[in-house]
Amino acid sequence: MGERRSNISPSDLTFSWDGCHRCLWLYYNHQVKAPMFMPTVGELADMQEKYFIGASTADMHPDMPAGKVFDHGGWVQSTPIQVDGKDSHLAIRGKYDLLIEFPDGTYGIIDCKMQARASDKSSFYSPQLEAYAFALENPAKGEPKKISVLGIYSWSLDRASGNLTVGFGYRVNAAWYPVDRDPIALQKRLVDFVTVVNGDMPESKQSCDQCKYIADRNSIVKSI
Ligand code: SF4
């Protein structure tokens, strides 16, 4: 078992927060996490990001505000998260997908997604993107950056294409889902998150297959 974590990963403000708080508590206090295997997800996302290094947003989607891809896969770390006016033991630390630079000197954070079918998940991902913005506007080190745009850039599967000569591939459709800035909602999510992590271990979620597996397994092993 590890020591308690000192950083919140932006994606934990969406997926883990939406899931069972006991698993989240165990991870943030003891670094115990269920193993996860997501084949090709990382590779696909990496390819999608690298494809647009140095590109103009006009090459990505006509609805995106005019700017240029400035960086990809950059790490950000914020100053400590404040709860009741005091520093907590947690800060935001994570890696954004694409950073866009706009002509007015502000920046945009773009999260790249591969989807089976295009669907607008902008409100679900809002705390995650807002957390990157918080870290860039309140960095632990270096100059702050002003973030004016947040959004999801999605590729969804269309059909298989190609032949033996040019190679095979999957055609995808591109979609742009802007995310409204909402630092107040993020602040509330962060305070709730820190409060859960610093509290007693929460109840586990009812009807979780994983917990049922662990309980069944333990009872069989103990009985042998
Ligand atoms: S119910 Fe158990 S295994 Fe499932 S998410 Fe919660 S703590 Fe983890």
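Author: One term before we start: two strands pair if DSSP finds at least two bridges between them. This is a predicted model, by the way.

Reader: OK. Which residue stands opposite Ala-91 in E4?
Author: Pro-80 does. E3 and E4, residues 86–95, pair in the antiparallel sense. Six bridges join E3 and E4.

Reader: What sheet are they in, and in what order do the strands come?
Author: An open sheet of three strands, ordered E1-E4-E3, with mixed pairing. Strand E1 (7–8) and strand E3 (75–83) are the edge strands. Each of these two pairs on one side only.

Reader: Which strands does H4 lie across?
Author: E3 and E4. H4 runs at about 90° to E3.

Reader: And H5, which strands does that one lie across?
Author: E1, E3 and E4. The angle of H5 to E3 is about 75°.

Reader: How do H4 and H5 pack, at what angle?
Author: At about 95°, with the axes 9 Å apart. H4 covers residues 122–137 and H5 covers residues 183–198. The two helices are therefore roughly perpendicular to each other.

Reader: Which residues meet there?
Author: From H4, Ser-126, Pro-127, Glu-130, Ala-131 and Phe-134. From H5, Pro-183, Ala-185, Leu-186 and Arg-189. Six of the residues in this contact are nonpolar, one is polar and two are charged.

Reader: New topic. How many bridges join E7 to E8?
Author: 13, and the strands run antiparallel. E7 is residues 147–163, and E8 is residues 167–179. Together E7 and E8 form a hairpin, with three residues between them. Leu-150 stands opposite Val-179 in E8.

Reader: What surrounds the ligand?
Author: Gly-19, Cys-20, Arg-22, Cys-23, Ser-204, Lys-205, Cys-208, Gln-210 and Cys-211. Helix H2 (21–30) and helix H6 (209–223) each supply at least two residues of that shell.

Reader: How does the shell divide into nonpolar, polar and charged?
Author: Four nonpolar, three polar and two charged.

Reader: Zooming out, how many helices and strands are there in the protein chain?
Author: Six helices and eight strands. From the N terminus on, the order is β-α-α-α-β-β-β-β-β-α-β-β-α-α.

Reader: What does the C-alpha trace span?
Author: About 60 × 50 × 25 Å along its principal axes. The protein chain has 224 residues, and 28% of them count as buried.

Reader: What about contacts between residues at least 6 apart in sequence: what share joins residues at least 24 apart?
Author: 66% of those contacts.

How values were computed
Residues numbered from 1 in each chain as written. Predicted model: local features only at pLDDT ≥ 70, side-chain atom pairs only at ≥ 80, totals over all residues. Axes fitted to C-alpha atoms, helices over the stretch in contact; angles between N-to-C directions. Helix = DSSP H or I, 4+ residues; strand = E, 2+ residues; numbered from the N terminus. Parallel < 35°, antiparallel > 145°, perpendicular 65-115°, else oblique. Contact = placed C-beta atoms within 7 Å. Nonpolar A, V, L, I, M, F, W, Y, C, P; charged D, E, K, R; others polar. Buried ≥ 20, exposed ≤ 12 C-beta atoms within 10 Å, placed from the backbone. Near = placed C-beta within 6 Å.
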